[in-house]
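Hi there,

Here is the structure I promised to pass on to you. Have a look at it first, and then read on for what turned up.

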Amino acid sequence: MTSVLQSQKGASNETYTFSSRPRAVQNRSKYRERVADQDDGPPNYGNIMYDRRVVRGNTYAQHVLPVTAQPDPVEIQRQQEARRGALARKRAKEHFRPRTPQPVEGRKHMNVQTELYLEELSDRVQESSVECQTDIFLDKPATPLFIPAKTGKDVATQIEEGELFNFEVEVRPLLEVLVGKTMEQSLLEVMEEEELASLRAQQRAFQELRNAELVEVQRLEEQERRHREEKERRLRQQQEVLDREREIADKIAARAFAQQYLSDLLPSVFSSLRDHGYFYDPVERDLETCFLPWLMSEVSDTLEKHSATRTVLDMLIRDVAQQRLERFRANTD
């Protein structure tokens with residue numbers, strides 16, 4: 001069986017290739033083997049979720065490449081390095097894991113069964129077929145309680161006092177492991193505390209240095225700000241002085257020009273105003289505006305009165321003359 005799939009992390013030319021032939025299932029021992037007895041071959045995965053040969057993700061978007069495509073050597077080397085690192089970590093973990101102490105001289109450890117019923121261990125379990133035919137009209141009896149049948153042979157061993165183990169001798173490796181592990185853990189904790197204290201001291205020193213640098217930066221910024229403000233103030237003062245000098249120069253020039261222009265203008269203006277009557281004698285103006293109009297009005301009133309009296313006198317004279325004429329005519333007749 002051969003399958004070629006495109007790698008999801010690599011480039012377009014990086015592929016994953018796997019090929020294997022059908023083979024029989026290997027016989028596995030009942031107990032786990034020691035780490036030292038294992039070879040450096042690929043691990044046997046018991047769960048398909050941890051098998052790296054299984055491609056995960058969406059399979060619809062994957063493109064099938066030709067079988068002749070070569071895998072990326074960089075990816076293969078990276079996978080091998082990761083596998084060797086995982087195996088080394090597993091070995092180190094197994095090495096530091098507490099194990100059963102080594103047996104004393106003249107003895108060896110053996111695997112024993114601790115179940116209630118012992119059974120004979122063999123590569124192939126003996127089987128037998130039994131057939132039974134019952135009457136179809138008989139009632140079914142009550143189901144008896146299931147008791148597993150014994151297999152193998154029961155063996156008993158008599159252990160005399162002192163034959164099993166010597167506690168003082170056997171407990172010494174356990175105590176050495178426990179004490180060593182406790183001391184190692186204590187030393188690690190002490191080293192960790194010292195390292196944390198050193199890190200805190202370095203952090204405090206760095207914080208103090210940083211605070212000092214921040215204070216220095218603030219002082220320099222404040223000094224720069226004062227210099228900038230002083231420079232701007234001096235520039236404004238200089239600009240105000242220049243503006244004032246320019247204004248004064250403009251005023252002086254305007255005054256000189258006005259004096260030069262008005263030197264010939266004033267006599268002509270005064271003469272023109274005097275000709276048009278803007279400059280006059282107050283007494284003469286008072287006589288012309290007040291006395292002469294009053295005098296003319298009085299003279300006119302007087303003349304009117306004289307004219308009215310003369311008219312009245314003429315009328316009286318005419319009436320008298322008319323009466324005398326009529327009287328004379330009457331006397332004549």
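Leucine 266 has a relative accessibility of 41%, so this residue counts as partly exposed, because that label covers values between 20% and 50%. Please keep in mind that this is a predicted model. Leucine 266 sits in helix α2.

Searching the whole structure gives two aromatic pairs. One of them is made by phenylalanine 257 and tyrosine 261, which are stacked, with 6.2 Å from centre to centre and 15° between the planes. Both belong to helix α2 (residues 167-275), and because they are four residues apart there, about one helical turn separates them. Are these two buried or exposed? Phenylalanine 257 and tyrosine 261 are both exposed.

The other pair is phenylalanine 291 with tryptophan 294: the ring centres are 6.1 Å apart and the planes meet at 40°, so this pair is tilted. Where do they lie? Phenylalanine 291 and tryptophan 294 are in helix α3 (residues 282-332), three residues apart, which is about one turn of the helix. Phenylalanine 291 is partly exposed, at 40% relative accessible area, and tryptophan 294 is also counted as partly exposed, at 46% relative accessibility.

Enjoy exploring it!

Best wishes

Terms used: Residues numbered from 1 in each chain as written. Predicted model: local features only at pLDDT ≥ 70, side-chain atom pairs only at ≥ 80, totals over all residues. Heavy atoms only, no water. Phe/Tyr/Trp six-rings, centres within 6.5 Å; stacked < 30°, edge-to-face > 60°. Helix = DSSP H or I, 4+ residues; strand = E, 2+ residues; numbered from the N terminus. Buried < 20%, exposed > 50% of the residue type's maximum accessible area, 1.4 Å probe, protein only.
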